[in-house]
Amino acid sequence: MSPMARTAPVPAATDPAIIRNFCIIAHIDHGKSTLADRMLQLTGVVQQRDMKAQYLDRMDIERERGITIKSQAVRIPWEVDGTAYCLNMIDTPGHVDFTYEVSRSLAACEGAILLVDAAQGIEAQTLANLYLAMENNLTIIPVLNKIDLPAAQPEKYAAELANLIGGKPEDVLMVSGKTGAGVEELLDQIVRDLPAPKGDPNAPARAMIFDSVYDTYRGVVTYVRVIDGSLSPREKIQMMSTRATHELLEIGVSSPEPKPSKGLGVGEVGYLITGVKDVRLSKVGDTVTTFNKPATEALAGYHDAKPMVFSGLYPMDGTDYPVLRDALEKLMLNDAALIYEPETSAALGFGFRVGFLGLLHLEITRERLEREHNLDLISTAPNVEYEVTLEDKKVVHVTNPSEYPSGKIAEVREPMVAATILAPTEFVGAIMELCQTRRGILGGMDYLSEDRVEIRYRLPLAEIVFDFFDILKSKTRGYGSLDWKADGDQVADLVKVDILLQGEQVDAFSAITHRDKAYAYGVMMTGKLRELIPRQQFEVPIQAAIGARIIARESIRAIRKDVLAKCYGGDISRKRKLLEKQKEGKKRMKMVGRVEVPQEAFIAALTTAEAPKDKSKK
Amino acid sequence: MTPSALPLGDPAPADGILPAQAAVGAADRKFSLYAHIPFCAVRCGYCDFNTYTATELGGGASQDAYAETAVREVEFAARALAASGLPPRKLSTVFFGGGTPTLLPAGDLTRILGAAIELWGLEDGAEVTTEANPDSVTRDSLQELRDGGFTRVSFGMQSAVPHVLKVLDRTHKPERVPQAVAWAREAGLNVSVDLIYGTPGESLADWETSVRTALSYGPDHISAYSLIVEEGTKLAAQIRRGQVPNIDDDDHAVKYELADALFSEAGLNWYEVSNWSRTPEDACQHNLAYWRGDDWWGIGPGAHSHVGGVRWWNVKHPTAYANRLDKGESPAAGRETLDADTRAMERIMLTSRLSEGLAIETLSPEARKAIAGLIAQELVDPLKAFAGTLVLTLKGRLLGDAVTRALLD
Ligand SMILES: Nc1nc2c(ncn2[C@@H]2O[C@H](COP(=O)(O)OP(=O)(O)O)[C@@H](O)[C@H]2O)c(=O)[nH]1
Ligand SMILES: C[S@@+](CC[C@H](N)C(=O)[O-])C[C@H]1O[C@@H](n2cnc3c(N)ncnc32)[C@H](O)[C@@H]1O
Ligand code: SF4
Ligand SMILES: [Mg+2]
């Protein structure tokens, strides 16, 4: 049993032999942040009274959604057998949208705690992250969490875990992030089992950036793990991908509040502040070296995060366009994965086409823009990127359906993903059926244990990116989990379906679908819009078309009555408030031609689920 | 009439003194009195007015004492107005609404009226109305009301069709209405009837029957309201549970058009979206006072008042109301003082409902820009607009709220 360390090792003068760099990998909600909290508390780096749940999840949105978006690194002291060790804990994002960031965090470590909820067992992201950890040659410590839960099945899942990583069930540690049980033993085990970092202290400095965060007060804060050599304050540094040089204004470690240090040596984890204001100048995965004695070879594994889904973002109120532009500019400083360019829509006016890592990334971005800049936004149906080859061999990349070329198309390629689905065996049939309707090709199937399978499919990204996960969840009664990664592209028979309101094409509603699904899409969209668009003073025909061919139609009858007939006996205030409410409602409408279209209509295409039928048509 | 939920507003002082703006220009404004009588024999399933049955109040005691309490508020009102710097003004109209005013003995109603006339006086030929349920009046009670100063009675007929009356929970028999109307006429009272259209299960033919039947009684005035499903009523619950079909706006529109055609044919012309009268003089002057933004004091639980851009409303429960007045305090629960913009907005909202219309010159240049579009959509009468007044067409009356919103954009 180890008390908290009395003397913490000093940064820049820490022998790599007493350093342990580790991360916690887990499926979402398996308790990574909570366990991290307990570690901070037990090691005394966060005082009891400052403790708040999910201490490291700093952004408001993270707190509200209970998810970790940006990773953070914390230096914590821990004593075993009279030796004070320095543990660097890296909390990684758990969502599939942020896989690249996870992989960089892993590359900064020698070991990983594989944390599994003892009431849930292994899930898809457990596996995905485990594969990433193994690719990075990390030593794995298997841990079952939440053993305090009455529903916990420690024996069953210990066996499953042991089976997965090839160990013995008895070696699986049992902890509860909630009560703190087993956490001290876990810290001891980290010290005993994980290898110390190795590196050449005399070689030119090489440090890997595993996170880069914009901070209003300090500018960009870059988190690094030193591999070789050392970094020290007041020394010019250089980014190896661009050879850009920066002054080093501050260097230090987080514990978890930033503490400036005399530098960082081999194996150490800390932060750098250079005064740059844009995370793009300090990208995750890049290698930092020194200007005076630069390394010649960058560390492996660097690449730009690639946006997978695109959506148009438009201000509800056209005059907010400059606000949106500035907001995106600001957000970009903090999010290297975000890309955007201006676009105009006949229906929505001026806006931006924005590329995201996934749907969660889109939602978070939109929410932050709305919240932090007081904007009211319309986001158009998300889209993947298609590569269209015209008959004259010209190649166009289409991220916006309204830019889909008409006619003269030789070939269209769509992005594909390799998906891994984990679920109890009883749901195999339902999952296969779902994947088949989504044009998936079965890659293989393995039993993880008697009652649990891993199913691998190759699927078009467009088929899984919107509502696939929700449907998977409902088809597997919540037990199914999903992970995917990009897997090249394929030729596909795709068409553009246009939606017409009153005979006029509304570019914001156009979609690219597989030819076999165009009809279903047209029927679904026209039906939904009929439900979502309120009745106007004139009839509004809604049509779906491929080129000039109409494939589905609906119509919204003209409204005939819109007046409060009853006199409220002098309660004029009530009537006025009603009117104000109606006016407020009107503000949430976008004029498309002469038609008032509510915001919800623009995200209707996000899900294929039926529109609510009981919605009264007032 | 008073709705169930009170607005949120500022606190109102116990002495009832009004903000200074209330007195500005008061000498040139008309002044009316509304008296709310919060009692009914039974509660109709669609109604959310501030009214209580004897059972709900735990006995008839508060009904017996009500006239005295109401007179106390009349006296309070006169004092508070004078203390707020308002000049003495004769009553231009008086309206007793409910609830069911005629559930109280006629003597109680005339006593309250008498107290008000004694304090303020009454303009020559002023209209004094009471609402009445057809089965809550007798030949004698109507005569007594007439003798005590009432000039007009408004009967809650609602429908002439038994199955419709049943869905509405109305207790009276259809034959009772012509009887009551005849007694009122005998007594020398002006007569109005209220109708409701669009009740679940009411066919177009049912509605035509109700309209024709109402017209056959030869009323001076008819109010026709589309049934509104108010939250929290029994009707709303029945619709939610699927026990009765939901109401339908298109059905309402068709029935409105039919009613308007039949009323005009019979010589009754619209003067407000839901009101028709035989002559302009037969239009309910008290109702017009609301739409024109005149001053009125509303006595009774939950009653609303308006004086010079200050609106306030009383506490809702009869007991709480009586307690306040027993302590000599204002029964007001809250109030709001409207700024110039809000008053302008209310004026558009209210006067655009009237056949006398809205003077276009009083509109802002932006609002005026909307008029061409409204004419193009056939919502506004073009000739009257060219002559300077905004008046709704038939189609415009049905889309009156849309017109108001267009003018306020
Ligand atoms: N009962 C119990 N609940 C836990 C435990 N650890 C975490 N939780 C709960 O599980 C949920 C997800 O935890 P969190 O740490 O945010 O998971 P993360 O998504 O992996 O970071 C939260 O509601 C926690 O309170 C535990 O050991 N026992
Ligand atoms: C306060 S009521 C008083 C009249 C009297 N108690 C009666 O019901 O006969 C005034 C009128 O409002 C109308 N009314 C009440 N509730 C209504 C509703 N929910 N929808 C439409 N009109 C309503 C009825 O026509 C009623 O006659
Ligand atoms: S009688 Fe009139 S006031 Fe009373 S509940 Fe029925 S509709 Fe409402
Ligand atoms: Mg977390």
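This is a predicted model: local features need pLDDT of at least 70, side-chain atom pairs count only at pLDDT 80 or more; totals for chains, interfaces and linings use all residues.
**Helix H13, chain B**

I began with H13(B), which spans residues 365-376. I looked up which of its residues are buried and found Ala367(B), Ile371(B) and Leu374(B). Viewed down the axis of H13(B), the buried residues fall within an arc of 75°, so they line one face of the helix.

I then turned to the face of H13(B) directed away from the buried side. There I listed the exposed residues Pro365(B), Glu366(B), Lys369(B), Ala372(B) and Ala376(B).

Next I checked what covers the buried residues of H13(B). The cover includes helix H14 (382-386), strand E14 (389-390) and helix H16 (400-408), which belong to chain B. I also looked just past the end of H13(B), where Glu378(B) has a positive phi of about 60°.

**Helix H16, chain B**

Eight of the nine are buried, so H16(B) is largely enclosed by the rest of the structure. I wrote down the buried ones as Gly400(B), Asp401(B), Ala402(B), Val403(B), Thr404(B), Arg405(B), Leu407(B) and Leu408(B).

What do the buried residues of H16(B) pack against? From chain A I found helix H13 (572-587). From chain B I found helix H12 (340-351), strand E13 (358-359), H13, E14 and helix H15 (394-398).

**Ligand 1**

I counted 17 residues around ligand 1, the closest being Asp29(A), Lys32(A), Ser33(A), Thr34(A) and Asp148(A). By class, I have two nonpolar, ten polar and five charged residues in this shell. Helix H1 (residues 32-42) of chain A gives the largest share of the shell, three residues.

To an N or O atom in the side chain of Thr34(A), the distance is 2.6 Å. To a polar backbone atom of Lys32(A), I read 2.8 Å. To a polar backbone atom of Gly177(A), the value is 2.9 Å. For the area, I noted that ligand 1 taken alone exposes 580 Å², of which the protein buries 79%.

**Ligand 3**

I ended with ligand 3. The residues around it are Cys40(B), Val42(B), Arg43(B), Cys44(B), Tyr46(B), Cys47(B), Gly99(B), Thr100(B), Asn133(B) and Arg170(B). I sorted the shell of ligand 3 by class and have five nonpolar, three polar and two charged residues.

Technical notes: Residues are numbered from 1 along each chain as its sequence is written. Chains are lettered from A and ligands numbered from 1 in the order in which they are written. Side-chain values use heavy atoms; hydrogens and water are left out. Buried means under 20% relative accessible area, exposed over 50%, partly exposed in between (1.4 Å probe, protein chains only). Helices (H or I, at least four residues) and strands (E, at least two) are DSSP runs, numbered from the N terminus. The arc is that of the directions from the helix axis to the C-beta atoms. Contact means heavy atoms within 4.5 Å. A residue is near a molecule or strand if one of its heavy atoms lies within 4 Å of it. Ala, Val, Leu, Ile, Met, Phe, Trp, Tyr, Cys and Pro count as nonpolar, Asp, Glu, Lys and Arg as charged, and the others, Gly among them, as polar. A polar contact is a pair of N or O atoms within 3.5 Å; within protein, one must be able to donate a hydrogen and the other to accept it, and residues adjacent in sequence count only if both atoms are side-chain atoms. Accessible areas come from the Shrake-Rupley method with a 1.4 Å probe; for residues, only the protein chains shown count as cover.
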